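I shall go through one structure with you, from charged pairs to the meeting of chains.

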Amino acid sequence: MLKVEGLESGYGTMQVLWGADLEVKKGTITTVLGPNGAGKSTLLNTIFGLVKPWNGRIILNGEDVTFDPPHDKVEKGLTIVLEGRHLFPSMTVRENLILGAYTDRAMEKLESSLELVYSLFPVLKERAEQMAGTLSGGEQQMLAIARSLMTNPDIVLMDEPSQGLAPKLVMEVFDTITKLKNEGLTILLVEQNVFASLEISDYAYVLNEGRIVLGGTIDEVKDSEEIKKVYLGL
Amino acid sequence: MKKILVVLLLLSVLLVGCAQQTVQPSATSTPTTQTTPSATSTPSTSAAEKILIGFSESKTGKFNAESKEQTNGFLLWMENVNAEGGIYVKDLGKKVKVSYTSYDDESSGERVQQIYAKLISEDKADFLISPYSSGLTASAAIIAEQYGKVMVATGAASDSIFNKGYQHVFQLYTPSSRYLTSAVDLLQTKFPDAKKVAIVYENSKFAKSVAQATKSYAEEKGLEVVLYEAYEPGTTDFTSFINKIQAANPDAIIGGGHFADGETFAKQIFEKKVKIKLLSLLVAPAVPEFAEIGDAALYVTGPSQWEPQAKYTKEAAQKMGVEFFGPTVEEFVKEYKAKYGYEPGYHAAGGYAAGLILQKAIEDAGTLDSEKVREALENMKVMTFFGYLEFEKGEYYGRQIGHDMVVIQWQESDGQLKKEVVWPETGASSQVIAYDEKY
Amino acid sequence: MKDSLKNLTDVSLLWLLAIIAVMAVIPPITNSITMREDIFLILQYIALAASLNIILGFTGYVSFGHIVYYGIGGYVAFALMYFYGIHLIPAMIAGGIVCAIIAYLLGEAVLRLRGAYFAIATIGINEAVKALVNNLEFLGGSAGLFFNFKIYQNYGGAGNAIWLAYYLMAILAIVVITSNYLIKKSKFGLGLMSIREDEDAAIVLGIDTKKYKSLAYMLSAFFPGMVGAIFFFKNGNIEPVNAFHLLKSIEMIFMVVLGGFGTVTGPFVGSLLYERIRGLLLVNPLFKDLHMAVAGIILLLLILFVPSGVIGYLRDKVAILRRYVE
Amino acid sequence: MNAEVLIDSIISGLLLGLVYGLAAIGLNLIWGVMKVINLSHGAFIALGMFSIWILYTSFGIFPYIGIIMILGLGLVLGIITYFGALHRVIDAPELSTLLATFSVSLIIIGFGTFIFKTNPKALDFSLGGIEAGSIVILGTKVATGVISIIFTVLLYAFLYKTRPGKAIRAVSMNRTAAELMGINSSLILALSFGIGIALAMVAGALIATIFPFTILSGGGYELKSFVICVLGGLGSPIGALVGGITLGLIESVVTLGIQTSFVPVLEFALLVAILVLKPSGLLGGK
């Protein structure tokens, strides 16, 4: 479904990604792990196009989309939930959601997407007419995820969805991600929270200093020496 | 992208090269018109090939329109003189052709001194004409005076330039102190019942000095000034200002500033149907475009330095016992129309007269020597198509004391708005009509 | 401060000062009046651009109405000379000091604003001061003040007075460039640049940003005050429209950006180039009627393609320059 | 002073204020969406004045119809200007965008002076007026006020009810998030700039129906627009209208009490004071 080959990128003259390769299979949750500063967020941002790729290829549904601008990628079924939520604070929840369905692709399914989102996040239905900026932290994260679903995506990139949330809410977020998978979505996740994310994932990659150092099914990765050393403290 | 950068860079380097050249005495920017190859020795001692006249003009910025007219007038004069072989200089025993050099001052004072210094010391101009406007002329005057160059000031009406001790600056325009005094005279003669005047003016150098002088003149003549107030330059809505005027209930409104505000003011006075006998405004009514406001322009009066209908004739000169010099009014208007395709206004006439007066002074002096020409100007009493000209010798040395303003009024004939000269009575082409007749 | 004085021997400053000095002595040596007028304007531009560079280039605050200090300094000095017959030099220094004090007071208020808000506020200050002076009758209001030609007798005639103005401007240009250099090399300059890069980070680093900004703003107001004093002395009259001309403010910014924002050489090169570009455009028969539009196109290309200015660009591309150009 | 004078001044201040507001709305929209202070605003106002003048005097097009054509022209010019002058520097520090828009202004005024000189122009055009005692209200002014309100309402309907309008609001709140929704933010920025310019040109055209003008006239309205935007709150289109009315009232009513030439001192001092004390504008919440 999504294939990344030898991806390189960075900011200004500073290179962050040094040739990352990974593959995300349809209907799975794939997690990218790695220490702080490994380039996890840069990886997602580059795939989505917020950071311009320098080299390498990004293939979405068999089509080369390496240098497509972000909005075109949305039209092709890719979306991202950014770290720090990025809502439209002085629009209502409903307006936020409807804007999510901005592309032609999403417009067609506006009603059904809205239904889906409201069933997944009943709280958003209750607060439909409230300004997004007035929601609580957890609700804002829900809205960010919900809004990304409104784009009618095939695959959702998620950057640290649990960051800054209370433990109870973290669990809720991970439950939601599993639910999304059950709805048939494909998810590429970047997380600090190793245990919880390994719990729900099908595949995992380990990124270090801008390179993928390890990848495979969840069991393979879990059992590798690398992961034990770095994260599990064994 | 890369290529553009490189080209830009090369351009910059080139410019740096040019910039460094300023430092070398040889290269400086070239004048706008090609003049004599070089006049290295001073013209007064050599057999001059040409008389070079230098000035700055406002090719850009707010004075662009007026300055252009002024230059047009000057160029017509130069063409005429050169067609006759030039100016006769007795010392040289021959006619010498005239050429000119000018630079753009961008309507701003910053460059004026640089330009005049260049004109004097590098281009070796024999005589100078002022920039347009009093402010720029004041800056230029310091340089002209410093080098003892005669400068004929046209388009500069301020009095204050002339009590600063300059000995080489001569003014063609009626100074601002007398700009609107004729309107006061007109009011008293034609509307003896009118006693109350409102004097309102734009808060700018020129209008303010006119308003101050008009106020004291009006009071001296026994009129009551019921309102004396300034408005900001660029004012577009006069509604409240007019309300204020109406509250003071004047018989006449005198003042104004420049074109745009004057036109707006006149229009809004008409729209508010203010009942007055006389509305006399600076600058705007004298400009042909004033007619664009249609009915609002009707019966508005204004002072003008010169009008094509002006009656400055050889007979008038004879009566005064002075010489008439240069073309007649009709000749000037006809030639100007032929060359530029429209009727000249006073800025153009001033430009022509500036050249003319220099020509007269050079012929009188019989030499190109600055000091002699200065003396000739000092003693000059002459009638031209522009009017009678004479310069003050006292405290305000060089100020114009001969020339008088005419007062024009927009009147209707055959459904067309037309400017008529209504004052002074001797030169009038029509009788003045009370402003409130229009309602 | 000691450190920075030691660095005075640096080549980058020396060659710069040498060029200015050489340039400045040419008119008196050749006794060319035209050259004096040309170079006077260039020196004025250098002094103004380099002053603005302190707040704009080093600190990153876009002072859009900076010309207000040129006007205030000009008016203060002009009034002192006009009403009290004070000599140009003390009048000029007084003009500078008044500007610095006003900058301090205004800075207390407006330096709290950031980015475009600051820029708009400085435009507002310039327009407010202009409108105010327009209404101050004792300063001549809109008509301004006007020297009597005789005033120049105190300086040995108008000729000498203008030469004096010229020399003062040359000295001032050198002083401003030198202070730019000293600031850049000092801890103070480093503090200013950290404010430019990220003001919040600068606060976190323990920099007293309020004090630093205030000082930078005062310095960058002090010099234009003196420049205005000299210019209007030489000009012989001062009017609000000329003293507080917003367009001139933008010219100053243009020169700084053209040469290279935040460099020491930049304002110098920018002023020189600007004066030459204008000179060329004004007299070129092809461009003279359109020079404003052409200037706009050049400015636009510069902003779009060479945002770091001539010096910035050269430093980026030519490694060796980095050692000799500051 | 009597009640009639006061009423007259208030009405005229209100009508004038509406035009001021319309002139400032474009500036405020551009600031709100793009965080760009558009220094070519005044030049485009002047361009609007000359456009209507040409349409009216050369082609005899009724001014209020001409305004619709100018709206389209402004939109196109604005979009071209965005891609030509702003797109590359939209993320650069504000100095770059200030200078880029200023250079656009130089180009317009430069060509404008070349073509039109600085001669003043006026539209000789009238819609009559309403009179009551010494109170006179001109038809053209009323029309201008009404059109200003219509354009403001239309702008709001556009921003809140249409898809591109919502996208503009989204981009103004958070450009990255808008990109996530599949919104092409470059196009939206260009569109916003186009609308801002179109409104500036329409305002210029409307001003030309009531006041004379030159190619340099826009500068004054640009400065006033700054004051208005700051009064009403930078970035809020409705704030511009409120700010405009405030300024119109200050100019017409306060003038009755003080020397007219002191009004600008007051205006610009107010600009600085509000920026310092209450940067969100007189109306702003925070």
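How many salt bridges does a search of the whole structure find over all chains? The search finds 43, where a salt bridge is a side-chain nitrogen of Lys or Arg within 4 Å of a carboxyl oxygen of Asp or Glu.

Let me state the conventions. This is a predicted model, in which local features need pLDDT of at least 70 and side-chain atom pairs count only at pLDDT 80 or more, while totals for chains, interfaces and linings use all residues. Residues are numbered from 1 along each chain as its sequence is written, chains are lettered from A and ligands numbered from 1 in the order in which they are written, and side-chain values use heavy atoms, with hydrogens and water left out.

I begin with chain A. A:R57 forms a salt bridge with A:E5, with 3.6 Å between the closest N and O atoms. A:R57 lies in strand β4 (residues 53–60) of chain A and A:E5 in strand β1 (residues 2–11) of chain A, so the pair ties together parts 52 residues apart in sequence. Helices (H or I, at least four residues) and strands (E, at least two) are DSSP runs, numbered from the N terminus. A:R57 counts as partly exposed because its relative accessibility is 40%; the scale calls a residue buried under 20% relative accessible area, exposed over 50%, and partly exposed in between (1.4 Å probe, protein chains only).

In chain B, a salt bridge joins B:K244 and B:E229, the closest N and O atoms being 2.8 Å apart. B:K244 belongs to helix α7 (residues 239–248) of chain B and B:E229 to strand β8 (residues 224–231) of chain B, 15 residues apart. B:K244 is buried, at 16% relative accessible area, and B:E229 is buried as well, at 4%. Returning to chain A, salt bridges that share partners join A:K3, A:E5, A:R57 and A:D64 into one network.

Next comes a residue of chain C. Is C:E37 buried or exposed? C:E37 counts as buried because its relative accessibility is 2%. C:E37 sits in helix α3 (residues 33–58) of chain C. Leaving aside its neighbours within four places in sequence, C:E37 is in contact (heavy atoms within 4.5 Å) with residues including B:Q113, B:Q114 and C:K234.

Finally, I turn to chains D and C. Here 36 residues of chain D are in contact with 39 residues of chain C. The two chains bury about 3400 Å² between them, 85% of it on carbon and sulfur atoms; buried area is the accessible area (1.4 Å probe) that two parts lose on being put together, summed over both. D:L95, D:L99 and D:V276 supply 17% of the area that chain D buries against chain C, more than any other three residues. Between chain D and chain C the count of salt bridges is zero.

On the side of chain D that touches chain C, α3 (63–86), α4 (94–116), α9 (218–232) and α11 (263–277) of chain D each give two or more residues. Of these, α4(D) gives the most, with 14 residues. By class, this side of chain D has 29 nonpolar, five polar and two charged residues. Ala, Val, Leu, Ile, Met, Phe, Trp, Tyr, Cys and Pro count as nonpolar, Asp, Glu, Lys and Arg as charged, and the others, Gly among them, as polar.
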